[in-house]
Amino acid sequence: MKTDSLKLIQDLSNANGISGFEDEVLEVARKYIGDSLDVKEDTLRNLYCTPKNQIENKPVVMLDGHTDEVGFMIQTIKNDGTMKFIPIGSWFAQNLGSQRVRIRNSDGDYIKGVVASKPPHFMNPSERNTVIEITGMVIDVGAVSKEEVTQKFKIEPGAPVVPEVTFEFNPMNKVMIGKAFDDRLGCACVLDTLTQLQGSDLNVKLVGSLSSQEEVGLRGAKVAAQTIRPDIAIVFEGTPSDDNFTDASIAQGAMGKGPQIRHRDSSMVGNPRFIKFARDIAKKENIKFQDAVRENGGTNAGNIHLSNTGVPTIVIGIPVRYAHTHYCYSSYNDYTEAVRWAVAILKNIDKDIIAEF
Ligand SMILES: [Zn+2]
């Protein structure tokens, strides 16, 4: 493993991969891993990463991060050369207008386009006051006909589309800016945690799962959990920040205030005993964390904790401002603290503690 964490996050963030098209993300992961871990891929594009020479007959810990990002898919190419598209994962239509995107063509090259809608000049007064739905938007690559799109640009229905955004890091405040921090930060956490624990004498066996298709219904992790059959699991997520929409006194996902532990969301009630163990470790190690009690939302933990005979699972989140938009902001310190937390949990956990969960 040669690259540092920030470079890994940069490469993962820049990689293109809506649900079902995670190949580029796996390429970045494979390059980072080199031959330091054993890797295996299944047909859903889940990548299993296992440290070498682990002793069998120890409880298995699944470390999960999802590889897919929210994006779009080309649905129809219209005669005027614009393209209708559908969202992959959850988007708010108002965040899309005039944003740039990149579309993968049938050669695997990326064509840049813009999300366009009817110009204000042609809107009647009621249209001006109406939120434009995604069904009323098109992607325009600057073509003038369907033939130009299909023949010159080689774009076909079914083509995946991602935000046209490049990762940046601001050293002044250690804030990262880029797309797909949900959940490429989680993928980096999985790889970083496995790297930092290389050669450690643990009382558990680790399996990293870079899981596909979370944004369309936690699908990859469902298969991954059946494959790994973990005894416990830690899910790393790029979780939505609420700090600039909520009163500071009640915000639970403030950027820069440490990783979150999620007590509850629509997909899971976190295992309270495992959560207590993780919180106690954080306090002992002076890791600042935030407690998240979410009304909505869900993560891969939703499927993992219900797999096999049931799996005690926790979710560690790195707060992401503006998740599910083009531009995400996250604190690099929150990221490194999330990894430090996971490493400390794994160094301290054993069969007897797990038996109490
Ligand atoms: Zn996510």
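Select Glu148 and Lys152, which both lie in helix H4 (residues 146-152), 4 residues apart, or about one turn of the helix. Helices here are DSSP runs of H or I with at least four residues, strands are runs of E with at least two, and both are numbered from the N terminus. This is a predicted model, in which local features need pLDDT of at least 70 and side-chain atom pairs count only at pLDDT 80 or more, while totals for chains, interfaces and linings use all residues. Residues are numbered from 1 along each chain as its sequence is written, and side-chain values use heavy atoms, with hydrogens and water left out.

The side chains of Glu148 and Lys152 meet in a salt bridge, at 3.7 Å from N to O; the term means a side-chain nitrogen of Lys or Arg within 4 Å of a carboxyl oxygen of Asp or Glu. Glu148 is buried at 18% relative accessible area, whereas Lys152 is exposed at 58%, where buried means under 20%, exposed over 50% and partly exposed in between (1.4 Å probe, protein chains only).

**Second stop: pairs across the chain**

Now select Arg30 and Glu41, whose side chains form a salt bridge of 2.7 Å, N to O. The pair links distant parts of the chain, with Arg30 in helix H2 (residues 23-33) and Glu41 in strand S1 (residues 37-41), 11 residues apart.

Arg102 belongs to strand S6 (residues 100-104), while Glu164 sits in the loop between strand S9 (160-163) and strand S10 (168-170), 62 residues apart. Arg102 is buried at 10% relative accessible area, and Glu164 also counts as buried, at 17%.

Asp182 lies in helix H5 (residues 181-196) and Glu237 in strand S13 (residues 232-240), 55 residues apart. Asp182 counts as buried at 9% relative accessibility, and Glu237 is buried at 4%.
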